[in-house]
Amino acid sequence: MTLGIYIQVPFCQTKCTYCNFHTGVVSPERFEPYADAVCREIAGTVAANAPVVDSMYFGGGTPSLLNPAALRKIIDSIRVSYQVDSAEITLEADPETITPEKACAWHAAGFNRISLGAQSFSDTELQAAGRMHRRADILRAAEILRTAGFDNISMDLIAGLAHQSRASWEDSVTALLGIRPLHISIYMLEIDEGSRLGKESLAGGSRYSAAKIPPDDTIAEFYESACARLAAAGYEHYEISNWALPGSRSRHNLKYWRREPYLGFGAGAHSFDGTTRWANIHDSAHYVACVEQGISPREQIEPVTPEHALEEEFFLGLRQLEGIDLARIESTYGEIQHKRVADLRGRISGLRSQGLIELDGSRIRLAPDRLTISNEVFVELLG
């Protein structure tokens with residue numbers, strides 16, 4: 001078993017209207033103390049006989065805002081505390097933050113994969129969402145990254161942004177395929193009270209272009225159209241929101257869906273060691289203060305009960321297009337959760353009869369034409 005390490009950088013230049021993450025806009029003067037605190041947290045939590053680290057993921061927020069030297073210091077801290085071998089090292093970056101000098105410095109620091117936050121190739125949609133970049137910035141950033149030596153680039157789109165039309169969506173997909181990154185993520189817009197746009201939409205308001213969000217059925221059509229076009233272009237659909245050219249699946253994110261161990265460092269970062277989940281405090285200033293004072297920033301420490309582990313197996317496993325092996329689940333959890341497993345089998349049978357789940361031998365998976373309602377399926381399955 002190998003270990004993944006996640007570094008949370010909760011800083012942004014602006015807050016996107018659809019964002020429900022714990023991120024904030026702060027003075028750049030706070031960046032270096034934060035990076036130093038992350039390094040100290042890493043140095044203070046190394047475990048004896050820790051497994052080999054084969055993935056690092058710098059997410060946020062906008063990690064590309066940090067000075068490349070600070071990012072390199074964090075990578076070096078990980079290498080000092082852990083055995084790192086042939087690791088996939090990813091940096092999330094916004095297009096407008098990328099310069100040739102930064103890209104070369106990232107490559108020299110050890111990053112070998114960039115997750116480029118495109119979201120859309122429509123300037124109208126990007127502006128309404130509060131994004132600072134435009135279509136031209138995405139094209140320029142991709143060229144800069146490849147010139148700097150980054151072959152492994154991931155890019156994303158969001159289906160359902162305000163002002164999005166069928167024509168603009170198809171144009172964004174066409175532009176994305178024209179760049180042909182090794183990995184692609186496509187998310188359907190989430191409407192919830194955690195974001196300004198979501199709260200306004202739920203209230204029936206018009207701020208943030210909330211009235212211009214496409215209907216749910218239209219968003220589903222956009223997603224399904226992208227599924228067909230990416231498949232035709234040679235991309236493997238391996239998780240509900242993720243596609244990759246052969247051999248280019250996200251090693252780090254697969255750990256989440258397969259319930260493999262990972263450690264998170266930084267404000268709001270989450271961790272899982274196989275039996276317990278925990279998270280760090282979200283406020284970045286409070287996080288830095290705790291680390292500087294030698295106080296653990298951990299909170300929300302929750303042991304994973306067998307029942308919760310079983311539910312995670314289904315919820316996370318069924319996000320993967322290959323599904324999960326029911327025989328393995330029953331072998332692992334049968335004696336502990338015999339009644340629960342039997343109940344799930346009954347629900348699986350019902351969902352299968354509705355055409356929502358497919359069963360191939362002992363392997364179950366979501367029906368390919370029902371991916372857009374996956375959350376509803378999960379709710380019905382897990383009760």
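**Grounds for the assignments**

Modeller: In this predicted model, an open antiparallel sheet is formed by 3 strands in the order β13-β15-β14. Its edge strands are β13 (324-325) and β14 (357-360), each of which pairs on one side only.

Colleague: What makes β13 and β15 a pair?

Modeller: The criterion is at least two DSSP bridges between the strands. β13 and strand β15 (residues 363-366) are joined by 2 bridges and run antiparallel; therefore they count as paired. Within β15, I364 is the residue that stands opposite I324.

Colleague: How do you know that strand β1 (residues 3-9) pairs with β2?

Modeller: The two are linked by 7 bridges in the parallel sense, and the criterion asks for at least two, so the pairing holds. L3 stands opposite V53 in β2. On β2 and strand β3 (residues 84-93), 5 bridges are found, again in the parallel sense, and F58 stands opposite L91 in β3.

Colleague: What do β2, helix α2 (residues 68-81) and β3 make?

Modeller: Together they make a β-α-β unit, and this unit is right-handed.

Colleague: Why is strand β2 (residues 53-60) called mostly covered?

Modeller: A residue is buried when its relative accessible area is under 20%. By that cut-off, 8 of the 8 residues in β2 are buried, so the strand is described as mostly covered.

Colleague: Why is C12 called buried?

Modeller: Its relative accessibility is 14%. Because the limit is under 20%, C12 counts as buried. C39, with a relative accessible area of 10%, is therefore buried by the same cut-off.

Colleague: How do you know that C12 is in no disulfide?

Modeller: A disulfide requires two cysteine sulfur atoms within 2.5 Å. For C12 the nearest cysteine sulfur, that of C19, is 6.2 Å away, so no disulfide is assigned. For C39 the nearest is that of C290, 17 Å away, and C39 is likewise in no disulfide. The structure holds 0 disulfides.

Colleague: Which residues touch the most other members of the largest nonpolar core?

Modeller: Of its 111 residues, these are I7, W106, F111 and F314. Helix α1 (residues 31-44) gives the most to this core, with 7 residues. Leaving aside residues up to four places away in sequence, W106 touches S64, P68, L71, L91, A93, I98, F111, I114, L145 and F150. There is also a second, separate core of 5 residues, among them Y238, A244, L254 and W257.

Terms used: Residues are numbered from 1 along each chain as its sequence is written. This is a predicted model: local features need pLDDT of at least 70, side-chain atom pairs count only at pLDDT 80 or more; totals for chains, interfaces and linings use all residues. Side-chain values use heavy atoms; hydrogens and water are left out. A nonpolar core is a set of buried Ala, Val, Leu, Ile, Met, Phe, Trp, Tyr and Cys residues joined through side-chain atoms within 4.5 Å. Buried means under 20% relative accessible area, exposed over 50%, partly exposed in between (1.4 Å probe, protein chains only). Helices (H or I, at least four residues) and strands (E, at least two) are DSSP runs, numbered from the N terminus. Contact means heavy atoms within 4.5 Å. A crossover is right-handed if, with the strands pointing away from the viewer, the path from the first strand over the helix to the second runs clockwise.
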